[in-house]
Amino acid sequence: MNASNPSPSQGSFDAQDQRHMRRALDLARGAMYRTSPNPRVGCVLVRDGQVLGEGATQAAGQDHAEVQAVKQAWERGHDVQRATAYVTLEPCSHHGRTPPCADLLVTQGVARVVAAMVDPNPQVAGQGLQRLRDAGIAVDVGLFADEAREINLGFVSRMVRGTPWVRLKVAASLDGVTALPNGVSQWITGEAARADGHHWRARACAVLTGLGTVRADDPQLNVRAVQTPRQPIRIVIDSRLECPPTARLLQSAESPLWIVHAVPPELAAPRLDALRHAATPKLDLQAIALPADPDKPGKNDLRALMQVLGQRGINELHCEAGEKLNGSMLRAGVVDELLLYLAPQLLGEGAGLAALGPYLSLSEGLRLRWHAVDPVGDDLRILARFPSASF
């Protein structure tokens with residue numbers, strides 16, 4: 001069963017259904033920063049127009065949304081028999097780190113389940129809904145499915161394609177300059193745009209950059225401008241293992257650091273030992289050795305990297321790099337979405353968004369589709385997606 005084409009609804013949705021599902025979607029959005037690698041899910045339990053309990057997915061290994069909602073109902077002195085459960089994703093039907101939520105709803109005697117979308121996880125994929133139907137529970141699917149899918153784009157991508165949803169973030173002037181010829185780039189956009197960028201970091205499972213950015217900007221790649229219970233994994237593409245031992249990334253242990261390289265084992269070992277010696281003792285430093293790009297000896301195969309990250313549970317990958325790595329990722333076809341902040345100024349010569357081309361015809365350019373355009377402070381935020389991102 002395909003998550004982008006859920007099974008037909010077995011009933012119609014009225015205004016009450018819409019109101020409670022909107023609340024469930026809000027609850028799922030409230031879990032945006034904490035559930036990785038699990039999906040963000042909201043649940044509302046209602047009987048005779050009264051909300052009995054509601055909940056959202058907790059951190060991995062902790063309660064799912066349905067469990068939280070049932071517990072809140074109990075705390076309020078309610079049972080949930082004959083209630084309707086509004087959930088933004090099909091209740092799970094398998095034993096993972098927690099028991100199946102479908103079984104919980106059956107044993108608690110709910111009368112109806114309204115699910116926004118089918119779970120794309122092959123271990124579920126409609127089985128949870130079928131278990132509910134087999135127990136005599138009315139099941140309706142598809143209310144605000146597009147909104148539910150947007151909340152979990154990365155999870156859907158990993159389940160369907162085996163790779164993360166890849167977001168490439170760039171801050172530039174109106175004429176597309178990301179850094180002056182002397183390398184100065186801080187700050188092209190304003191404080192509001194920078195804070196907004198940290199929201200996108202916080203929702204990602206991992207933040208990726210390249211060695212060039214580590215050398216030029218010495219970034220931390222952490223979330224600072226918004227409150228978050230979880231810091232994303234930090235990933236550096238360092239094909240030759242030349243990361244400076246003084247890099248700030250090595251001095252923080254608040255999240256793991258993965259270094260992606262293409263160095264033979266006999267050469268990689270001493271270089272990695274030197275980095276571990278320079279790093280703070282508590283840092284979880286991991287090396288990911290990948291084959292070189294067949295078209296660019298000495299450079300990592302970016303398509304292979306995305307497969308590895310999918311296997312490691314990365315749902316959303318947030319990329320902040322320079323024009324060279326941006327260009328390589330775009331040429332490799334691994335980018336799904338461009339997150340572009342444009343400042344209302346002209347800077348003339350300098351580094352661009354991505355090192356592409358030169359092209360001989362306009363048809364060779366990479367085409368995207370507008371998804372959203374919004375002002376953020378004095379700047380403009382543009383979300384544009386590649387047609388290939390549809391799945």
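Student: Where does leucine 241 lie?

Tutor: This is a predicted model. Leucine 241 sits in the loop between strand 8 (233–237) and strand 9 (257–261).

Student: How do I read its phi?

Tutor: Most residues other than glycine have a negative phi. Leucine 241 is not a glycine, yet its phi is positive, about 55 degrees.

Student: Is leucine 241 buried or exposed?

Tutor: Buried means under 20% relative accessible area. Leucine 241 is at 6%, so it counts as buried.

Student: What about aspartate 48?

Tutor: Aspartate 48 also has a positive phi, near 50 degrees. Its place is the loop between strand 1 and strand 2 (50–56). Exposed means over 50%. Aspartate 48 has a relative accessible area of 78%, so it is exposed.

Student: Which peptide bonds are cis?

Tutor: Most peptide bonds are trans. Here, serine 36 and proline 37 are joined by a cis bond, with omega about 5 degrees. Proline 37 is in the loop between helix 1 (15–30) and strand 1 (42–47). The bond from glutamine 186 to tryptophan 187 is cis too, with omega near 0 degrees. Tryptophan 187 belongs to the loop between strand 6 and helix 7.

Student: Where does UniProt place the "binding site" feature?

Tutor: The unreviewed UniProt entry puts it at Ser185, Arg201, Arg224 and Glu320. Serine 185 is in the loop between strand 6 (165–173) and helix 7 (191–203). Glutamate 320 is in the loop between strand 13 (316–319) and helix 11 (323–332).

Student: What does glutamate 320 contact?

Tutor: Beyond its neighbours within four places in sequence, glutamate 320 touches Lys169, Arg201, Leu208, Thr209 and Thr213. Its relative accessible area is 14%, so glutamate 320 is buried.

Technical notes:
Residues numbered from 1 in each chain as written. Predicted model: local features only at pLDDT ≥ 70, side-chain atom pairs only at ≥ 80, totals over all residues. Heavy atoms only, no water. UniProt positions renumbered as here; feature names shortened; annotations may be inferred. Helix = DSSP H or I, 4+ residues; strand = E, 2+ residues; numbered from the N terminus. Buried < 20%, exposed > 50% of the residue type's maximum accessible area, 1.4 Å probe, protein only. Contact = heavy atoms within 4.5 Å.
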